[in-house]
Amino acid sequence: MQHFALYFTLKVRGQERGTAMDAKANLLVRRACSNDAEAFGELYERYSKDLYRFACYVLGSQQLAQDAVQDAVCAAFIQISSLRKEEAFKAWLFKILSNICNKYISEKSRQRNTVPLDAELEETLEAPPSTLNATFEMEEIFSCLANDEREIVILSVLQGYNSSEISTILDCPAGTVRSKLSRALKRMRAELEK
Amino acid sequence: MKKRDIETASRIKIKLEDFEAKNPLPSELSKESITEKLKQQSVPVKKKAKIIEMKRLTSIAAAVIIIFGAVTAFSLFGGSSGLKLAIDNLNGKTAAAQNADISTAKNNKQILDIFKKLSTAAAKQSNRYTFNSALGAEKGTADYTPTAQGDTAANETSNNNTYGETNVQVKGIDEPDVMKNDGNYLYTVTNGNQVNIYSLLPADNMKLVSTIKFAEHVSKSEYANSLFVKGDLLVVFSDVNTYKVFKETTTAPAETNPDSTGTAETPAVPDDTATDAAGSTQGSQSSPGSAGSARTGADTAEPATAADTTDAANTAANDTKSVYGYNNYPGYYYSKSESVCTIYDISDRAAPKEIKKISQDGSFISARLINSEIYILSSYYVDLYAKNYLEDICFPAVAVDGKSQNISAADISITKNPDPSYLVVCGLNLDDLNTEPDTKAVLGGGSEAYCTADSLFASRTVYAYNEQPRDWGGDVTVVSSNDSYSTEIYQFAIGGGKVEFENSGKVAGQILNQFSMDQYNGYFRIATTQGDWGNTSSNVFILNDKLDVVGKIEKIAPKEQIFAVRFTGDTGYVVTYEQTDPLFVLDLSDPTAPKITGQLKLPGFSSYLQPVTDTLLLGIGQNGDTDGTTQGIKISLFDVSDPANPKEIDKYIIKGDCYTEAANNHKALMTYPEKVLFGIPVVKYDYQTYTDSSSSSGSVSTGVAFDGIVSTFDTFTVQNSKIVPVRSYKEPDVKSSDASTYYGGISRGTYVNDTLYTLSGAALTSFSMDTGSVLGTLKIDQPLYNYYFYGLRGPMVMY
């Protein structure tokens, strides 16, 4: 029973805003769709902390996380008209952020082998990835995970998304999400018990 | 998830949440700085650059897909339909978990089914025949033309004037009225058939700058009811009624449009003819009432031949003239109401230019203007007797510049026990008129509106036909239950000209008016009266953001009804009345435990409460003594500084048989905050004594006869806790017996600096507030019609 209770808690978290907030969020999304920056700002505020945390853990750097969130929000604002279903906003925003984080990571790894052509890009990458305050331990735990596993763990544990929701955000089948999550948790458990 | 995994997850979660406390969101990621960044990005040039970047981003995202793609059963990225599908799945439960009493329509069929059911039920209840002609065919713009008169904005002055604004419920949220003042010009709805723009300055040389006329046809009427002014935009609300008259006594329906010939109308109404012709062959129908059963067969009648149709239509055309004659009382007429919002560009006040017209089904309830956003509410009643056309009429439509579109099922919320009527809410943004207006509807209905900056509340009174059998010693008698009225509240989230249905709630009893509703600190408060006449009591309910009742005060003042309500912050004031006027002071600071803190019994009653300061409250209403009401208007000043002990510290009584619209319509109260000055239109009924000796018996009788009205605009101020009458303004050269005053009494007063303006159906007059002397008068063209009168919400058509 405990099992179900926690699972339920995690699941509901993502939808905790209930009916009353749904309408407000829908309204804000539709306003944002007509290029209303104020409305988008208000929407963003609802998820800003979640987005920042997500980026921090995935990228392991506050500076990069800040850039990634800014990039993600700007990108989201431009393509918001392509968002069809208002309720999907949060998942959609995470999806964009996840893509941007992946971009950062892949560029970081590519940097080791290639000379960057883009001056702006160079600048971004030269910012030394600082370690996170007070969460060095967590950083270590996460370091044992692959990027996608890290994302799955954060979305599941912190944001309370279930596997099908995560599959939407990360574009992979729900079954894969479940197995990856299970594998990641197993590895983290080992790390925690060290 | 395995149990072990769950444990690990919760351990990680605790550690992760620790992060938030130690790593606050950097200021660069604050809402404000992000919004600022987005605003800069909105500049088209930058946007282009960003789009290029997005392309780059997409390719990277595509790379991500490749990583997962190999094992992806259905790839979702890029395809919005795929995303939609998955998200539907994701959110399916959320949508279903909405308030159980209300749900979003699944599809058009669901709505049609509801109406079919309602129609069948209605047919059973009523012996009225089923009407089944072509309906709502006419949907177009009415015939009116802006006409320029007089000088072109000759007297422009700087807009540093202090000027009168409409007295509204919520500060900063404008309500439409028959008159708006922008400091230089006065915009008025005059006698319903014209909108006039006057230049107010100089006060001794006011001018009619332009007029927009609203035309009247027999089959279609358009009456302006109120307006808004926002900068160089004029927003006029009008009610359009389209009539189709079908006569029982002839073989054909009378499409009573004098502007067109019967023949021309024929193709549009073949069904009418078929139905009526078939109907009349089945028996005599001398009156609409008796026609009930005879008409039933008409539904399945074959269409008439073309020749029949033409003949019938000709007959109809000939009958047109006498259609309003008593002998030719129309057997049945269908009337379709539309609430029309027309937006004019008035950058040239002398030549208003129509730039947008939004027509929504239903009669106008009200509207609100918040900055540049307008929200319009209408109530659309679906005629259940138009059985064969239910499909056409059971969806409310909104027409933008003549292009009509039904509101889609996804934008319709259905209440549990719907009446065949819709509440239609339309939002638009005056700054962006190219964007389509946003519309939502609630199948249920609505009557009063209360609006805050981000929420719109509409109320609907629901009558539960609640018959209960009761045993009276052997005989079972059916009596109706006491608590038969309840009020449903529909909440919409609003912003940016967009509307989203948010929630619904329900409380016992009926509300009085928009002042019965209020929102403060996230809680919604509503005052209602319940019970049958003579057995009433009142309640105040406090509802949370989900519109669930969390606190209440019930059975306030048994046997009395609510006459006025006003909520200000943590305090509520309720006036109930039976013979004397108790003013109740309510403490609402704890939403879960509201309580009555004090009450005051007084003769007469207040029907409108206006806060003057935090501790002073003005009441406008009816004079009275301990036995009930007596003649006269009573203005009370209440000291509410001690909630346990409210006091009437002063009163001002306008004697005689008189009435003020301000007692029942807050918009008629003029407020001049800088001078703490108030003004109300006062109508006094004038009686003349007469002596009649013409009786055949030779006796002489004397009496009083109604001789017209005396109309004034009375101002008073509040000084040192006293009501001080200042002046009573009266239009010059107006006799009480003048017919013009009959519907031309002063309806509004306003001001620019030290000049007071009064508006009646007959004249616009300016007065010096210093001396009271008349500075100028502009006569207003009298309307040609004599079959309507001027009411609170514009004219009423009397047929």
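Okay, a definition to start: I call a residue buried if 20 or more other C-beta atoms lie within 10 Å of its own, exposed if there are 12 or fewer, and partly exposed in between, with C-beta atoms placed from the backbone. By that count B:Asn720 is exposed, because it has 6 C-beta neighbours inside 10 Å. I'll come back to that residue in a bit.

Now the housekeeping. What you're looking at is a predicted model, where local features need pLDDT of at least 70, side-chain atom pairs count only at pLDDT 80 or more, and totals for chains, interfaces and linings use all residues. Residues are numbered from 1 along each chain as its sequence is written, while chains are lettered from A and ligands numbered from 1 in the order in which they are written.

So, confidence. The model scores ipTM 0.73 and pTM 0.70. For chain B the mean pLDDT (the predictor's confidence in each residue, from 0 to 100) is 73, and 67% of the residues reach 70 or more. There are stretches to be careful with. Over residues 43-99 of chain B, pLDDT stays under 50, and the model has 77 contacts there beyond four places in sequence; a contact is two residues whose C-beta atoms, placed from the backbone, lie within 7 Å. Residues 784-799 of chain B are also below 50, with 28 contacts in the model beyond near neighbours in sequence.

Let me stay on chain B for the overview. It has 10 helices and 48 strands, and by those I mean DSSP runs numbered from the N terminus: H or I, at least four residues, for helices, and E, at least two, for strands. Of its 799 residues, 44% are buried. If you take contacts in chain B between residues at least 6 apart in sequence, 59% of them join residues at least 24 apart.

Next, over to chain A and its helices. How many of the 8 residues of helix H9(A) are buried? It's 7, so this helix, residues 163-170, is largely enclosed by the rest of the structure. The buried ones are A:Ser163, A:Glu165, A:Ile166, A:Ser167, A:Thr168, A:Ile169 and A:Leu170. Just after the helix, A:Asp171 takes a positive phi of about 55°.

What does H9(A) pack on? Two packed helices are described by the angle between their axes and the distance between the axes. Helix H8 of chain A, residues 147-158, has its axis within 10 Å of the H9(A) axis, and the two cross at roughly 135°. That makes H8(A) oblique to H9(A). On terms, axes are lines fitted to C-alpha atoms, for helices over the stretch in contact, and angles run from 0 to 180 degrees between N-to-C directions. Under 35 degrees counts as roughly parallel, over 145 as roughly antiparallel, 65 to 115 as roughly perpendicular, and the rest as oblique.

On the H8(A) side, A:Asp148, A:Glu151, A:Ile152, A:Leu155 and A:Ser156 meet A:Ile166, A:Ile169 and A:Leu170 of H9(A). Those residues divide into 5 nonpolar, 1 polar and 2 charged. Here Ala, Val, Leu, Ile, Met, Phe, Trp, Tyr, Cys and Pro count as nonpolar, Asp, Glu, Lys and Arg as charged, and the others, Gly among them, as polar.

H8(A) also meets the other chain. Its axis and that of helix H1 of chain B, residues 3-22, come within 10 Å and cross at roughly 90°, which makes H8(A) roughly perpendicular to H1(B). A:Val153, A:Val157 and A:Leu158 make the contact from H8(A), with B:Ala9, B:Ile12, B:Lys13 and B:Leu16 from H1(B). The tally is 6 nonpolar, no polar and 1 charged.

With 13 C-beta neighbours inside 10 Å, B:Lys559 counts as partly exposed.

Where is the cis peptide bond? It joins B:Leu201 and B:Pro202, with omega about -10°, and B:Pro202 lies in the loop between S6 (194-199) and S7 (207-213).

And finally B:Asp532, between S27 (523-530) and S28 (537-543). It is exposed, with 12 other C-beta atoms within 10 Å. Its C-alpha is 8.4 Å from that of B:Ser484, 48 residues apart in sequence.
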